[in-house]
Amino acid sequence: MLNKKVEDICNRQVEREGYSASLYLAMASWAETNGLSGVAGWMYNQSDEERGHMLKFIKYINERGGKAVIPALKKPQAEYKNVEDIFKEVLKHEEFITASINEIVALTLDEKDFNTHNFLQWFVMEQVEEEASVRIILDKLRLVGKNNMYEFDRDIVGLRKSASNATNKP
Ligand code: FEO
């Protein structure tokens, strides 16, 4: 049975993963309406992954005798200056999510909740992968420069995979 503190912080993460899904959908929509179908595809895919993360938390909370709460989500930013601006925001957001997961890990140690600690290990590794893949994209963006978005938009389709190969995707 989850204790209340662990249940509450896991529900906070349900909201954060849900917001991540929503944020990346807003970015996908921005990219799609600005002629960047490769970037839009990356964002739609990322949004699906975030929904998957939210579901993992929902199911885990309920399985352990808690009650997952489906939250209202705030409206994500709809307008962006350019693609670099978007991916800088993604990195900032993923760093925030990593810190958030780490806080839950720390609480599970304080509370001696080793089941939840174990459940979180997948997220710890996933955050390593997510941050790495966004850093690769930002490096690539610096290389191609702002004037060659066509090339970047075409190449981003393969970037997620190459980052994933470097770490342990389950
Ligand atoms: Fe679910 Fe991108 O962290």
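Leaving out residues up to four places away in sequence, Ile9 touches Glu103, Ile104 and Leu107, where contact stands for heavy atoms within 4.5 Å. The structure is a predicted model, in which local features need pLDDT of at least 70 and side-chain atom pairs count only at pLDDT 80 or more, while totals for chains, interfaces and linings use all residues. Residues are numbered from 1 along each chain as its sequence is written, and side-chain values use heavy atoms, with hydrogens and water left out.

Ile9 lies in helix H1; helices here are DSSP runs of H or I with at least four residues, numbered from the N terminus. Ile9 counts as buried because its relative accessibility is 11%, and buried means under 20% relative accessible area with a 1.4 Å probe, protein chains only. Although Ile9 and Leu107 stand 98 residues apart in sequence, their C-alpha atoms are 8.7 Å apart in space.

Helix H3, with 28 residues, reaches 41 Å from its first C-alpha to its last, close to the expected 40 Å. At its start, a side-chain oxygen of Asn82 comes within 3.2 Å of the backbone nitrogen of Glu84. Just after H3, Lys112 takes a positive phi of about 55°.

What lies between H3 and H4? A loop, and Asp113 has its place there. With a relative accessible area of 9%, Asp113 is buried. Apart from neighbours within four places in sequence, Asp113 is in contact with Leu2, Val6, Arg64 and Thr108.

The largest pocket has a volume of about 220 Å³. Of the 13 residues lining this pocket, Tyr19, Leu23, Lys74, His93 and Phe96 are the closest to its centre. A pocket is an open set of points on a 1 Å grid over the protein atoms alone, where a 1.4 Å probe fits, with protein on both sides within 12 Å along at least five of seven lines; lining residues have an atom within 4 Å of a point. The volume is the space filled by probe spheres set on the points. H1 and H3 each supply at least two residues of the lining. By class, the lining has 6 nonpolar, 2 polar and 5 charged residues.

Notes:
Buried < 20%, exposed > 50% of the residue type's maximum accessible area, 1.4 Å probe, protein only. Nonpolar A, V, L, I, M, F, W, Y, C, P; charged D, E, K, R; others polar. Expected span 1.5 Å × (residues − 1). Polar contact = N/O pair within 3.5 Å; in protein donor to acceptor, adjacent residues only side chain to side chain.
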